[in-house]
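Please read it alongside the sequence and coordinates shown here.

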Amino acid sequence: MTNSPLSILKFRIIFILVWLVLLADNAMVIHFFGMPWTAAIIDSAIGNTLLLLASLLVMNTLRFYLPRGTQYINIFSICLFLTILWLILTKLFLRLALSEYEGYSNLLQHSLSIRFSIAFLLLGCITLISILWYNQQEQKEKEDRKTDAEKLAKEAELFKLRQQLQPHFLFNSLNSINALIGSRPVEARKMVQQLSDFLRGTIRKEETQWVTFSEELQYLQLYLDIEKVRFGNRLATVIDMEESTEELKIPTLLLQPIVENAIKFGLYDTTGETIIRLYAKKEGDDLLIRVENPFDPETSSPKLGVGFGLQSVQRRLYLLFARTDLLVTNAKENIFTTIVKVPQGLIS
Amino acid sequence: MNKVIIIDDEPLARSIVVEYLQNHPDLEVVQQCGDGFEGLKAIQQHQPDLIFLDIQMPKITGFEMLELIEQPPGVIFTTAFDEYAIKAFESHAVDYLLKPFNQERFDKAIAKWNEQKTNLPEKMTQSVLESASSSPAQRHRIVVRNGSKIKIISVTDVFYLEAADDYVKIHTQEGYFLKNKTMTHFEQSLDEQLFVRSHRSYIVNVQQITRIDPYEKDSHVAILRSGAKVPVSRSGYGRLKEVLGL
């Protein structure tokens, strides 16, 4: 529910001040027309208190019922009706309270139209201000909801991207384990452990989106170990990192899809041994990681470049940093290179 | 004694097939191969009765390898996960094993093959291939045989295709290559935004077209970047205009 404008202290003070000014003004005018101060003040107090009540009524009503489009005519009617009601009540009370003063009845009779005009004007103003206030309030709420929804969607997408797992990898690993069980049960058991640790990592739903580079490398190692069992001596990896990069931060599970892409590309495109190289260094404020894999320019599929695995990396980097230039790939001779930059400055 | 070849890029995946085959003394593994090239050579050399074939492999896929064999032997596919392929298999009789599979399932596949090998296995393999390779994910390249060599052509390098009896001539920068397929097959499997059947006997790569000139009555001719001229029939002209947004 939206709050009334009077929930804000500043508006409350203004509201009361305006009321006091009206009160004084009204009293002075009545006194000016020849009534003693007592009568003038009583007149002013009764009239303005009733007006105050009417204003509060309008404000509160609009809080629950905000006119749209053509319904403004209703608001006008309500204002008019309230003003008339106010006038009748005021006249009644004033007559009861002040009729013994000489000439007051006459003055009251003559001032009714001016009293009506002023009250109608004031109530109209209050109504308009309230409508504006509540509309703005509603808009703001809508905006807030939208931002919230966007934030949620972004988090969900980030989570999904993080735990992306290629079914191929999972089923082929299970198949390898199946083969090992018969001939080399100890290795089979080890691989089950590695696969579980790896899977546990991908479904981890912690808020900690960020890990240190050395933690990420440990996780990557699990993945590489599994792949090495699968592909035997066809797959070799070389990791070369500057010591200064160990404590740098990286979004968790960012590296694995990049390396997975390199392995697929390398292994599926060449028939001999494949060496995947990974270099990491600190460049300015960024953690810079370069992954290289061999490929055969003659036969590699034309969809070279940002395959699905890399697309998800790119999307993650965009969601996290709002930049599209952090992932770069290029192919030179028979080496395909993926370079990813992780800015360190903005991490909160 | 039946000869068996196992083609899979993962050594452990091959070893499980070998292990399960111990139940079938009438089947003898004559060779194990780690990719499609090796597989192709081995098939020619040994003329096996049955092959176990993985789909995702280095260089060329299992499907592409089969396309290059004129009379494929019985095939049992072994694959981890391939939604397109599975769809293709399901509608046909050739068996497939989803990794990981157990001995029981393996024995069933062998039994199925035993039943079928008397009933024209090539035809079935052929129909699986047709539907598998025309699935949308497949065709971004065409694998052809060029003498003893295997050539992989990216579809973006194809100028146009021309019908030639039982074959299709694939015209590229380096001349043309022959593929034992139908025009309809290519029309269906190639990206329709890139390749348009301009004529009963021609499919043209629209990105290669530099201009289209009128030619005789009712027909046109498309001039390609390479200077080649491709006939465009009246209905073909309509299709071209649609794709080019004219």
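Leaving aside neighbours within four places in sequence, B:Ile76 is in contact with B:Leu50, B:Phe52, B:Asp95, B:Tyr96, B:Leu97, B:Ala109 and B:Trp113. B:Ile76 is also one of the residues that touch the most other members of the largest nonpolar core, which has 92 residues. Another core, of 14 residues, lies apart from it and includes A:Leu62, A:Ala119, A:Ile126 and A:Tyr134.

**Confidence and overall content**

The model is predicted, and its scores are ipTM 0.74 and pTM 0.66. For chain B the mean pLDDT is 84, and 85% of the residues reach 70 or more. Within chain B, confidence is lowest in helix 6 (residues 121-133), with a mean of 59, and highest in strand 2 (residues 27-33), at 95. Chain B contains 8 helices and 15 strands. Of its 246 residues, 42% are buried. Among chain B contacts between residues at least 6 apart in sequence, 56% join residues at least 24 apart.

**Contacts between the chains**

In the contact between the two chains, 22 residues of chain B meet 24 residues of chain A. On the chain B side, helix 1 (11-21) and strand 7 (149-154) each supply at least two residues. Helix 1 of chain B gives the most to that side, with 6 residues. By class, the side of chain B that touches chain A comprises 10 nonpolar, 6 polar and 6 charged residues.

**Sheets of chain B**

One open sheet of chain B has 5 strands in the order 10-9-8-12-11, with antiparallel pairing. Its edge strands are strand 10 (175-179) and strand 11 (195-199), each of which pairs on one side only. On average, neighbouring strands of this sheet are turned by 25° against each other, direction ignored. Within the sheet, strand 8 (residues 158-164) of chain B is joined to strand 12 (residues 202-205) of chain B.

Where strand 14 (residues 219-224) of chain B pairs with strand 15 of chain B, B:Val221 stands opposite B:Pro231.

**Strand pairing in chain A**

Strand 4 (residues 274-283) and strand 5 (residues 286-294) of chain A run antiparallel. They form a hairpin with 2 residues between them, and A:Gly284 in the turn has a positive phi of about 60°. Across this pair, A:Tyr279 stands opposite A:Arg290. Strand 5 of chain A is also joined to strand 7 (residues 335-343) of chain A, likewise antiparallel. There, A:Val291 has A:Thr338 as its bridge partner.

| Strand pair | Bridges |
|---|---|
| Strand 4 and strand 5 of chain A | 7 bridges |
| Strand 5 and strand 7 of chain A | 9 bridges |
| Strand 8 and strand 12 of chain B | 3 bridges |
| Strand 14 and strand 15 of chain B | 4 bridges |

**Backbone geometry in loops**

The peptide bond from B:Lys99 to B:Pro100 is cis, with omega near -10°. B:Pro100 lies in the loop between strand 5 (96-98) and helix 5 (103-116) of chain B.

A:Glu333 has a positive phi of about 50° although it is not a glycine. The residue is found in the loop between strand 6 (327-332) and strand 7 of chain A. A:Glu333 is exposed, with 8 other C-beta atoms within 10 Å.

B:Asp165, also a residue other than glycine, has a positive phi near 55°. Its place is the loop between strand 8 and strand 9 (167-172) of chain B. B:Asp165 is exposed, with 7 other C-beta atoms within 10 Å.

How values were computed
Residues are numbered from 1 along each chain as its sequence is written. Chains are lettered from A and ligands numbered from 1 in the order in which they are written. This is a predicted model: local features need pLDDT of at least 70, side-chain atom pairs count only at pLDDT 80 or more; totals for chains, interfaces and linings use all residues. Two residues are in contact if their C-beta atoms, placed from the backbone, lie within 7 Å. Ala, Val, Leu, Ile, Met, Phe, Trp, Tyr, Cys and Pro count as nonpolar, Asp, Glu, Lys and Arg as charged, and the others, Gly among them, as polar. Two strands pair if DSSP finds at least two bridges between them. A nonpolar core is a set of buried Ala, Val, Leu, Ile, Met, Phe, Trp, Tyr and Cys residues joined through C-beta atoms within 7 Å. A residue is buried if 20 or more other C-beta atoms lie within 10 Å of its own, exposed if 12 or fewer, and partly exposed in between; C-beta atoms are placed from the backbone. Axes are lines fitted to C-alpha atoms, for helices over the stretch in contact, and angles run from 0 to 180 degrees between N-to-C directions. pLDDT is the predictor's confidence in each residue, from 0 to 100.
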